[in-house]
Structures are given as structure tokens and as C-alpha cells.
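Here is a walk through one contact and the interface around it. Please keep the sequence and the structure in view as you read.

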Amino acid sequence: MTEALHWIGGGLVVIGSLLTLFGAVGVLRFPDVYTRIHAASLTDTGGATLALLGLGLISGLTPETLKLAFIWAFVMLTTPAAANALANAAYGSGHKPRIGAFQIIPSDAPRETDPEDADRSSSQ
Amino acid sequence: MTGFAVEMSAALNVVLLLMLVAIGLAVAHTRNLLTAILLMSVYSLVSAAWLMVMDAADVAFTEAVVGAGASTIILLGAILLTRGATARVDWRAMVAPALLAVITGGLLIYASLGLPEFGDPSSPANAYVGRMYLERTGEEVGPHNVVTAVLASYRGFDTLGETVVIFAAGLGVALMLGFGPRATLAPAPEKMGDHHVVLRVAAKMLIPLITLYAFYVQFHGDLGAGGAFQAGVILAVAVILYGLVFGLRETIAAVPVKAARSVAALGVMLYAGIGVICMVNGGAFLDYDYLFSPQVEAMIPANLLGDPHEEHHWGQHFGILFVELGVLLTVSSTIVTIFYGFAGRSIDAEEAKR
Amino acid sequence: MLLAAGTAGLLVAMVLMIARAVMGPSQYDRILAANSFGTKTVLLLAVIGYLFGRPHFLDVALVYALINFVVTIALMKFFRYRSLAQPLTASAGERAPHD
């Protein structure tokens, strides 16, 4: 029984880590900051849930399981909140979402540098 | 550890160290100081993970909370008061520093060849005083984390020195930047906009949990990884998070400037006071075996910690507890004071501009 | 064995995150990469804790999760509002959006 739980737990850890890996590829490949935030936060919470669940199955009912549950709770609370705050701040500072098929980059595509950096260096 | 785990840990070492090199190069390359701070925070996370793989849990803990957490926030506060990018430097001016760096690095690599193997039991660090600590902690101090026993008991005097250094660093920052904003802060608007409502709710849920976790690290540090330094920083980070989300004015209302600096002094006083009490009772400075006079020790119930038949070192037990409390007070309130100094100074600078 | 595979996957994801943090292009991309890197480090520590049979790794993983959030908020607030002291409200210390 524990042997089976170990295998299932290990499998869940692998699936969770694969999910984070896909998310990382998304963060690297997606065209603008909002899609990247989407990729990162979604797969981070999903991957964390799967991986921590897997570790919980491996450890069984021990004090460590409680710590895993706490880590899960913290990740589930902080990752979406941080993603929301980031997207909020990015939108507020003038990053426009890139709309449409992302292979076609319009000539008036958003500036690739942070507008705040630009006006900061000009003010000094 | 099995052979597979050893191989795995060697592979992890290589990958994490390569990551450190990559981040270091990126930090050296960027001219935007903010990017450099951000990358240094990631650098601290990686090096803490690497220390964890080397099984140095207490060091990794410190690196995570101080390197990735507190120092990043303090550096951001410093950037607020200066400029955000480094000037372009002529390459001729860089020749001499580069040469110096290469020579120093080469000497360090050469010196590292003479270091003992990792985990070598017969190396000087492990053979003499280190082995003594490991063998005697159980009978002399009690069932503590050996790291805690060494830091708080065997080398309590060193740790007192470190606590004083942190206190002095806080004082130094306060002397330059002030203890907080000089101008009276404008009250927050009546109606908080719902711009960052998710963040505010999440922060409200997190701050009590962070505080609770700080106390877990404080008291569990006797037995496991962590201790008063780390707990102090975590506690300060909870206050800083409150400041970041709800503003400096609200934070100062919750943790007054005067309270922060008084508590910092109180912590050092508590630590040194414990040492003096030991001297009064006839021992050496910070010799916790003399913390309680025999009459007081007789009054401690034998079953205070459960098993009455086990031999307890009450002096060591309570000495370490009080000393760690002193460190917690000093570290947490010093970091809060430094945060107040930087944040308050930036507000004063904005006021002066108007 | 499965845990080792999970560790390897997380390490690759971390390397990709470093690439994004170095490349940018905007500061928000960098903060995002740092935050996501932190979450992956938390998972990495939890997994290698079980791989090496050292459960005290979990304490450190827990503290990473907390510190990571606070640092992300501090960086976000700094880049957006150029302040560490103002409250995060709609009206205080906010710049007009760039249009």
C-alpha cells in the first residue's frame, strides 16, 4: 500500500514539475507581460498543488504533511495575489496588452522598454 | 544518504553553482541598478538553495531571510535616495580593477586547493573544537540544536558582539537618515480605492501568519533549523509588508518609531544583563550554569518540561531562551528602524521638492 | 527516481526563469520571473528534502514562500510608485497612466 502511494506520489511530483516547466516555457515564449503573468501564476499554483500533494502522499500522516499543507496554503495565497498586483501595476504604468495574433507584430507595437525607465533617465 | 543521493547532490551543486555564475555575470553586465538588485535577490535565493543542498540549514535560512528579503528591501530604499543607473565608465579606467579582481580570484582558487575535502571528518574544523561541541552539547547544554548551543552558549560572547554590531548598524543608519519621517505624514484618504484590493486582503491574511511563523522559528530554533536572528528578520518583514501595503503612516501608528528604537536597545540590554546575572551568581560572564542561584533552581518544578527524571540544565535552558529573546528584539526592531529611516527620508525628500 | 526527475524538471524551469529575468524586456517581466523563480525554489526545496530524506528542508521552503511574496510586492511597489512609504490606494502617490 505504501509502495503504491510512493509511486503515485512520485508521479504527481513529476506531473507537477512538468506543469511548472511548461509554464516556464510559456513565460519565455509569450509575447507580452500579461500573457507571461498568466502562464507563470497559473502553472505555479497548479504545479505546486500537484507536487505538494505528491509529497504529502509519500510522507503519509506526519508533521511534515502539515508543513506541506502550510506551504501549499501560502503559495495558493501569495502567487495569485502577487500576479494580480503585478498585472495591476503593469497596466497602471502604461503597458498595453498586445492584442491579436502574436506572430504579426504591428508597427506601433508597445515599446520594448519600460516607459518608467525612459522618463526616469530623461528626468535625471 | 545512498550513492544515488550523493550523485544527485553533486549534480545539483553543479547546476546551482552555474546558475550563480550566470546571475553574477548578468548583474555585472546590467547598468540599471534596479535590475541588479532584483537579480541579486534571485542570486540569494539560489545560493540559499545551494547551502541547503550542502546541508547547512541555518546558514540557508539566514541567506534566505536576510539576503533575499531584508537586504533587497533596504537596497530599494537606498536607491530611492540616489540614482537608478550607473554611469558609463571608460574602459581604460576598468583595467586596473579587472586585473586586481582576476589576481584576487586566482589566489582564492589557489587557496581553495589547500582546503580539506567537503565533509572530511579529520579536517581541522571537524577534528578539534567542532568534534568537542558535537560530543558534549548533549551533556553540557541539553538536547539543543548544536548550532544553537554553539551560538548562544559556547560562543555566547561572540553572539553578543554580533547583536551589538546589528544595533550599532541600526544606530548608524538612523544617525544619517533619521529615525523616521520628520514631516508629519498626511492622513490616508478616507476611502481607500479598490485599486489593490486583492493585495490588501492577501496582506491582511498573511501578516498574522508571518508573525506566527517568526515565533515558530524563534522557539523551534532550539531544536531545528533557524533561531533568533532569522526570527527577528521575519518579524521585521511582517512589519515591512504592512508598511508597503498600508503606508508608512499606518505602520508608525502600529509600531511607533520610539518603541522600535527602545526595543532595539532593550534587546542588547537583556542579553548583556543575563551575562551580568551569571557573574553576580559567581560564574563567568554568560556562563548560564550560574544563571540561577541554588535556591532559585530548587524552586523550578522538576516536571516543567515533562519527564521529571531526566537531568535538566535549567540555567542553560533559560539562559539560551532569554538571550535568544534579546537577539529577537534587537534584530527585529533594528531592521524596522532602518526601514523607517529609508522610507521616512524619501518622504522628507519629496516634501523638500514641493 | 521519480523525485529526481521532478527535481530535474524544476531546475530546467528555474534556468528558463533566469533567462526571462535577465532578458526583461520590461521591469515587470523581471519581477514576474523573480517571483516565479521563488515559487519554483520552494518546490525544489520541498522535493529535494524528500529526495535526501531531510524533512527540515520544509521549514526553509516555507520561509521562502513568505519572503518571496514580500520582496515581489516591494519591487512592484518600487517600480510602479517610486516609493516604499505611500499606502497602496488609488489616489495616493500614483502616476497618471502613460497613454
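With which side chain does the side chain of D59(C) make a polar contact? The partner is the side chain of K67(A), at 3.3 Å. Keep in mind that this is a predicted model.

Start with D59(C) itself. This residue sits in helix α3 of chain C, which covers residues 57-81. Is D59(C) buried or exposed? Its relative accessibility is 3%. The cut-off for buried is under 20%, so D59(C) counts as buried.

Now look at what surrounds D59(C). Set aside the neighbours within four places in sequence. The residues in contact with D59(C) are then K67(A), F61(B), Y213(B), Y216(B) and H220(B).

Return to K67(A). The pair it makes with D59(C) is also a salt bridge. The closest N and O atoms lie 3.3 Å apart, and the rule asks for a side-chain nitrogen of Lys or Arg within 4 Å of a carboxyl oxygen of Asp or Glu. Across the interface of chain A and chain C, the rule finds 3 salt bridges.

Which elements of chain A give two or more residues to the side that touches chain C? They are α1 (2-29), α2 (33-59), α3 (63-92) and α4 (115-123). Helix α3(A) provides the largest share, with 16 residues. Sorted by class, this side of chain A has 29 nonpolar, 12 polar and 13 charged residues.

Next, take the interface as a whole. Chain A brings 54 residues to the contact, and chain C brings 48 residues. Between the two chains, 9 residue pairs are in polar contact, counting pairs with both residues at pLDDT 80 or more. Interface size is often given as the accessible area lost when the parts come together. Here the buried area is about 4,400 Å². Carbon and sulfur atoms give 71% of that area.

Finally, step back to chain A. What does the chain consist of? It has 4 helices and 0 strands. From the N terminus on, the order is α-α-α-α. Of its 124 residues, 48% are buried. Consider the contacts in chain A with a separation of 6 or more: 64% of them join residues 24 or more positions apart.

Key: Residues are numbered from 1 along each chain as its sequence is written. Chains are lettered from A and ligands numbered from 1 in the order in which they are written. This is a predicted model: local features need pLDDT of at least 70, side-chain atom pairs count only at pLDDT 80 or more; totals for chains, interfaces and linings use all residues. Side-chain values use heavy atoms; hydrogens and water are left out. Buried means under 20% relative accessible area, exposed over 50%, partly exposed in between (1.4 Å probe, protein chains only). A polar contact is a pair of N or O atoms within 3.5 Å; within protein, one must be able to donate a hydrogen and the other to accept it, and residues adjacent in sequence count only if both atoms are side-chain atoms. Contact means heavy atoms within 4.5 Å. Buried area is the accessible area (1.4 Å probe) that two parts lose on being put together, summed over both. Ala, Val, Leu, Ile, Met, Phe, Trp, Tyr, Cys and Pro count as nonpolar, Asp, Glu, Lys and Arg as charged, and the others, Gly among them, as polar.
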